[in-house]
Amino acid sequence: MVFSAQQIKFEFLSYIKEFGGQPAEWHVGCAPDAPKAMFEQADVDSEHDIWLWKPALSPAAARIVYRYLTEQLGVNHAASACDGANIFLYKRTPQRDA
């Protein structure tokens, strides 16, 4: 199932609100393979970090969400280039340093 840009924006904003923190504590990116981009390239810890990814209708739709989160809200860019239809969001948790 794929999601529209508006659906993804709403869900990502709800996630940020639910798990807290300033937008600058979060990272967003898009990739053809979001799990690979998050867990292998960005080193997101699937058990301790907070993360979410959604397939968008198209790479253009993913870029709309990406630009909104980074340019309007101040969410950080993930390490990967925004070149796919899957968009992901993550926040590192303090337990990683323990």
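In which helix does Tyr66 lie? Tyr66 lies in helix 3, where helices (H or I, at least four residues) and strands (E, at least two) are DSSP runs numbered from the N terminus.

## Basis of the model

This is a predicted model, in which local features need pLDDT of at least 70 and side-chain atom pairs count only at pLDDT 80 or more, while totals for chains, interfaces and linings use all residues. Residues are numbered from 1 along each chain as its sequence is written, and side-chain values use heavy atoms, with hydrogens and water left out.

## Tyr66 and its surroundings

At 12% relative accessibility, Tyr66 counts as buried; buried means under 20% relative accessible area, exposed over 50%, and partly exposed in between (1.4 Å probe, protein chains only). Leaving aside residues up to four places away in sequence, Tyr66 touches Val28, Gly29, Cys30, His77, Cys82 and Ile87, contact meaning heavy atoms within 4.5 Å. Tyr66 and Ala5 are 61 residues apart in sequence, and their C-alpha atoms are 9.4 Å apart in space.

## Nonpolar cores

In soluble globular proteins, nonpolar side chains tend to be buried together. A nonpolar core is here a set of buried Ala, Val, Leu, Ile, Met, Phe, Trp, Tyr and Cys residues joined through side-chain atoms within 4.5 Å. The largest such core has 21 residues, and Ile8, Phe12, Trp26, Val28, Val75, Ile87 and Leu89 touch the most other members. At least two residues of this core come from each of helix 1 (5-19), strand 1 (26-31), strand 2 (50-55), helix 3 (59-72) and strand 4 (86-91). A second, separate core of nine residues includes Ala31, Val44, Ala78 and Phe88.

The contacts of Ile87, with residues up to four places away in sequence not counted, are Ile8, Phe12, Val28, Gly29, Cys30, Leu52, Trp53, Lys54, Ala62, Val65 and Tyr66.

## Helix 2

Helix 2 spans residues 34-41, and among its residues Ala34, Ala37 and Met38 are buried. These three cover an arc of only 90 degrees around the axis, which puts them on the same side of helix 2; the arc is that of the directions from the helix axis to the C-beta atoms. The elements that cover the buried residues of helix 2 include strand 1, strand 2 and strand 4.

At the start of helix 2, a side-chain oxygen of Asp33 reaches to within 3.2 Å of the backbone nitrogen of Lys36. Just after helix 2, Asp43 takes a positive phi of about 60 degrees.

## The disulfide

A disulfide is a covalent bond between the sulfur atoms of two cysteines, and the rule applied here is a pair of cysteine sulfur atoms within 2.5 Å. By this rule the count comes to one disulfide, formed by Cys30 and Cys82 with their sulfur atoms 1.6 Å apart. Cys30 lies in strand 1 and Cys82 in the loop between strand 3 (76-77) and strand 4, so the pair ties together parts that are 52 residues apart in sequence. The torsion about the S-S bond of Cys30 and Cys82 is about -60 degrees, so the disulfide is left-handed. Cys30, at 0% relative accessibility, counts as buried.

## Salt bridges

A search of the whole structure finds three salt bridges, each defined as a side-chain nitrogen of Lys or Arg within 4 Å of a carboxyl oxygen of Asp or Glu. In one of them Lys54 pairs with Glu11, the closest N and O atoms being 3.3 Å apart, and the pair links distant parts of the chain, with Lys54 in strand 2 and Glu11 in helix 1, 43 residues apart. Lys54 counts as buried at 15% relative accessibility, whereas Glu11, at 29%, counts as partly exposed. Besides Glu11, the contacts of Lys54 include Phe3, Ile8, Phe12, Ala85, Asn86 and Ile87, again without residues up to four places away in sequence.

The side chains of Lys91 and Glu25 also meet in a salt bridge (3.6 Å, N to O). Lys91 lies in strand 4 and Glu25 in the loop between helix 1 and strand 1, so this pair ties together parts that are 66 residues apart in sequence. Lys91 is buried, with a relative accessible area of 12%, while Glu25 is partly exposed, with 39%. Arg92 forms a salt bridge with Asp49, the closest N and O atoms being 3.6 Å apart; Arg92 is in the segment after strand 4 and Asp49 in the loop between helix 2 and strand 2, 43 residues apart. Arg92 is partly exposed, with a relative accessible area of 31%, whereas Asp49 is buried, with 5%.

Key
A polar contact is a pair of N or O atoms within 3.5 Å; within protein, one must be able to donate a hydrogen and the other to accept it, and residues adjacent in sequence count only if both atoms are side-chain atoms.
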